[in-house]
Amino acid sequence: MSRRYMLDTHVVSHIMQGRDTDLLARLTQLPVGQVVMSSVTLAELEYGLQRKGQPVRLRNALVQVLLRMDVLPWDENVATCYGELCATLEVQGISLSDFDMMIAAHALALKVTLVSRDQAFAQVATGVNQRLRLEVW
């Protein structure tokens, strides 16, 4: 089975802006279904659109992204992983935003590769006993 990739909010936002040609080229090489986003990421994006007054260009960009990318639900298994992750990282003195912790837990629970440009996730990937696969695109 091919590797699945979960894009974090910053990466999806870059896709929506449409200016990162390397990122867009990489995405077009991957089959539909291989790249996903967390429902937490979608929530962050929707919040951002609301704060900006629902600009038509960004709404259309999000619709286009959603045509190529599944949004995976945050379920009981992910919630359990989230609790374990937060407790483990707290002991290590590692702290991320709530949304970032939720996205990291989602990727861990589903055993997918998290794609991010946010250095905060590197702390999770290198934390003791963490199995987060992380790639920077």
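**Salt bridges and helix packing**

Glu135 and Arg3 form a salt bridge in which the closest N and O atoms are 3.0 Å apart. This pair joins distant parts of the chain: Glu135 lies in strand 5 (residues 133–135), Arg3 in the segment before strand 1 (5–7), and 132 residues separate them. A salt bridge here is a side-chain nitrogen of Lys or Arg within 4 Å of a carboxyl oxygen of Asp or Glu. Helices (H or I, at least four residues) and strands (E, at least two) are DSSP runs, numbered from the N terminus.

The model is a predicted one, in which local features need pLDDT of at least 70 and side-chain atom pairs count only at pLDDT 80 or more, while totals for chains, interfaces and linings use all residues. Residues are numbered from 1 along each chain as its sequence is written, and side-chain values use heavy atoms, with hydrogens and water left out.

Glu135 counts as buried, because its relative accessibility is 18% and buried means under 20% relative accessible area, exposed over 50% and partly exposed in between (1.4 Å probe, protein chains only). Arg3, at 39%, is partly exposed, and Arg26, at 35%, is partly exposed as well.

The structure holds four salt bridges. One of them pairs Asp20 with Arg117, the closest N and O atoms being 2.6 Å apart. Asp20 sits in the loop between helix 1 and helix 2 (21–28), and Arg117 in the loop between strand 4 (113–115) and helix 7 (120–126); the two are 97 residues apart and link distant parts of the chain. Asp20 is buried, with a relative accessible area of 18%, whereas Arg117 is partly exposed at 31%.

The helix packing comes next. Helix 1 (residues 9–17) packs against helix 4 (residues 56–68) at an angle of about 115°, with their axes 9 Å apart. Helix 1 is therefore roughly perpendicular to helix 4. Axes are lines fitted to C-alpha atoms, for helices over the stretch in contact, and angles run from 0 to 180 degrees between N-to-C directions. Angles under 35 degrees count as roughly parallel, over 145 as roughly antiparallel, 65 to 115 as roughly perpendicular and the rest as oblique.

In this packing, Val12, Ile15, Met16 and Gln17 of helix 1 meet Arg57, Leu58, Ala61, Leu62 and Val65 of helix 4, where contact means heavy atoms within 4.5 Å.

Helix 3 (residues 39–51) also packs against helix 4, at an angle of about 165° and with the axes 10 Å apart. Helix 3 is therefore roughly antiparallel to helix 4. Here Leu42, Leu45, Glu46 and Leu49 of helix 3 meet Leu58, Arg59, Leu62 and Leu66 of helix 4.
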